[in-house]
Amino acid sequence: MAQPPASAWTRSRPPLLRFLDTCLNEFSAEISGHVADYIPELSKADPAYFGISLATLDGHVYEVGDSRVPFTIQSMSKPFVFALALDLLGAGKVESAIGVEPSGDPFNSIRLNAENHPFNPMVNAGAIACTGLIYDSKGAEAFEQIRLALSRFAGRDLAVDEAVYTSESQTGDRNRAIGYLLKTNAVISDNVAGVLDVYFRQCAVLVTARDIAVMAATLANRGVNPVTGEQVLTPYAISRTLSVMTSSGMYDYAGEWIYRIGIPAKSGVGGGILAALPARLGLGSYSPKLDKHGNSVRGIKVCEALSSHYDLHMLNRSDDARNAVIADYDIGKSPSRRVRRQQERDILAAHEQEVRVIELVGTLSLSAVDYVSRRLAERPRPQFVIFDLHRVTATTRAGARLIAEAFEDLAALDVTVVISGVRRASKEWNTLREWTAELKNVRDFYLLDTAIEWAEDQIVYRYGGSIDFHETTELSEQPLLDGLSAEELTDLASICTIRTYQSGAKILTTGDPADALFFLRSGAVHVTLPDGVRLATLTAGMAFGEMALIETARSADVFADMAATAFEVPLKDFERFRRQHPRASERIMRNLAQLLADRLIVANTKVDILTST
């Protein structure tokens, strides 16, 4: 069968981009609706403009059509200013002045609720009140605070369309009526004109479909701009904003919207619609023709198509908490890479169930942590439980709090918890430590192998063993030399040179000629790949560089973990020794084969664990 040319691969486009293109082509034929004209400057928009953009939470932005054509943000500014007010002024102050219930009225209705407060921050009355609260706090700096916040959401500096601002200001009598109604009821201060000037300016900020997709994705990403990585506002403010968008973002069409489309959204009479699907994506569209509710006709069709085609209704989730566990085992099935002496191996074999390792993946939500805690209780109580989180992509506050409560229960049962896979400078670490910082039974290591090794050491100590890194061993204690006679060991010792290494010294380097092998006499060394992955930790009585017997170049680096000494045997002298002692040569190669087989068994066991859970 003929293969497609290589150029076809480079020209291929992601399925999501092709879907957006299909929407653009199909819905461009939709010509119903009208361009907003109650603000004269808005009526000048070209009704043919149509742009769509979608931003993912890893920072990729898809764009089709007129996605870079600027237009004014209008009412799409409302959720962002509401979130800003929550962070700037505190939830108590904002929530005492503005309600959060749907009004069922058009966006510019001149009506307040039973407490003489705006119904919610998405209608004009609530938005003007929200701007008024910021104006009361920041005065002349209020608009700049708002503009900068909108810019941070978009990931670039946003400007004002002065012509639209002037037009809106000159024809904004209905908003002035709302402003004086708010003043009469003491919702905003005396300076109605100053508040409305800020409000008109915030509505006249210029954005593109791409901008509002990124802004929506920032809402979907708990306030973190996925393009810039900046935490724009707090997760608290974002979650409350998304709640109001869900119930009231599309005005008197909000119930129908959430029933059929199921994605928090906000529209603007400039022709824009933004939709933020939490933990998934942000969508932005621009098409100036509006329906009777003041929403972009084509924009609604894009949202409907996206939600329907990919089944994105936010209440139709099917995440299974059981998928949070990728592996669950004890150290008998997958020990650390530390090569241990027989005494230590015997103790660990007798108490292998005392160290339980649970490797987690995905999001640590409340349901995921609950499942893990119940799964942990299904088997006998261990002394140590290691939770490896290096595949965890996020931790919810509810999940972190339930983790802390589970850790408290384990502490009461004298179980030590070890966390691995989380860097202390990371956001995930801060989320966990918010709830676990006071617990005394929690240890942490970044590498899972280091965590397992530490727990193994504790088991060895608790059951009468010892790990003496300063102990000196002889050639007769080397597993690679097991079975050699005293005469053979004496002859081998005659060609050895004792080498001394300081802590941190690099003993072997990947790619160098494999011209010697080493028998560790005292101390400890570790073997790593060039990318830093640790293959093994070796203590006195172990060999390293033994692959020189079958390889011509070093395949790994070896470093001294502490001051160490080793017997070095030049390969040419060792080959001569093998020729002089053929029985010893055969024995050594048998031992090497057994050591390699043991390592392969451990590696295969780990693969089996990861693929069978």
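Tutor: Contact means that heavy atoms lie within 4.5 Å. The model is predicted; local features need pLDDT of at least 70, side-chain atom pairs count only at pLDDT 80 or more, and totals for chains, interfaces and linings use all residues. Residues are numbered from 1 along each chain as its sequence is written, and side-chain values use heavy atoms, with hydrogens and water left out. The predictor's confidence in each residue is pLDDT, from 0 to 100; its mean over the chain is 89, and 94% of the residues reach 70 or more. Helices (DSSP runs of H or I, at least four residues) and strands (runs of E, at least two) are numbered from the N terminus. Confidence is lowest in helix H1 (residues 6–11), with a mean of 62, and highest in strand S5 (residues 206–207), at 98.

The part to look at is strand S2, residues 51–56. A residue is buried under 20% relative accessible area, exposed over 50%, and partly exposed in between (1.4 Å probe, protein chains only). Six of the six residues of S2 are buried, so the strand is largely enclosed by the rest of the structure. In a regular strand, side chains alternate between the two faces of the sheet. In S2, Gly51, Ser53 and Ala55 point one way, while Ile52, Leu54 and Thr56 point the other way.

Two strands pair if DSSP finds at least two bridges between them. S2 is joined by five bridges to strand S3 (residues 61–65), and the two run antiparallel. Within this pairing, leucine 54 has tyrosine 62 of S3 as its bridge partner. The hairpin of S2 and S3 has four residues between the strands, and glycine 59 takes a positive phi near 95 degrees there. S2 also pairs with strand S8 (residues 281–286), in the antiparallel sense and over six bridges. Here glycine 51 stands opposite tyrosine 286.

Tyrosine 286 leads on to the aromatic rings. Rings of Phe, Tyr and Trp (its six-membered ring) pair if their centres lie within 6.5 Å; planes under 30 degrees apart are stacked, over 60 edge-to-face, and the rest tilted. Tyr286 belongs to a cluster that ring pairs form with Tyr49 and Phe71. The whole structure holds 10 aromatic pairs. In the pair of phenylalanine 19 and tyrosine 310, the ring centres are 5.1 Å apart and the planes stand at 70 degrees, so the pair is edge-to-face. Phenylalanine 19 lies in helix H2 (residues 15–27) and tyrosine 310 in helix H13 (residues 297–310), so the pair ties together parts that are 291 residues apart in sequence. Phenylalanine 19 is buried, at a relative accessible area of 10%, whereas tyrosine 310 is partly exposed, at 33%.

A nonpolar core is a set of buried Ala, Val, Leu, Ile, Met, Phe, Trp, Tyr and Cys residues joined through side-chain atoms within 4.5 Å. The largest has 75 residues, and Met215 and Leu219 have the most contacts inside it. Leucine 219 touches Phe80, Phe153, Ile238, Leu242, Met245, Leu274 and Ala276, not counting residues up to four places away in sequence. A second, separate core has 30 residues, including Leu54, Ala275, Cys303 and Met314.

Another buried residue is asparagine 124, at 5% relative accessibility; it is found in helix H5 (residues 124–138).

Strand S13 (residues 384–395) and strand S14 (residues 416–420) pair in the parallel sense over five bridges, with isoleucine 386 opposite valine 418 of S14.

Another open sheet has four strands in the order S16-S23-S18-S21, with antiparallel pairing. Its edges are S16 (497–501) and S21 (543–544), each with a single partner strand, so one side of each is left without a neighbour in the sheet. S16 is joined to strand S23 (residues 564–570) by five bridges, and threonine 497 stands opposite glutamate 568 of S23.
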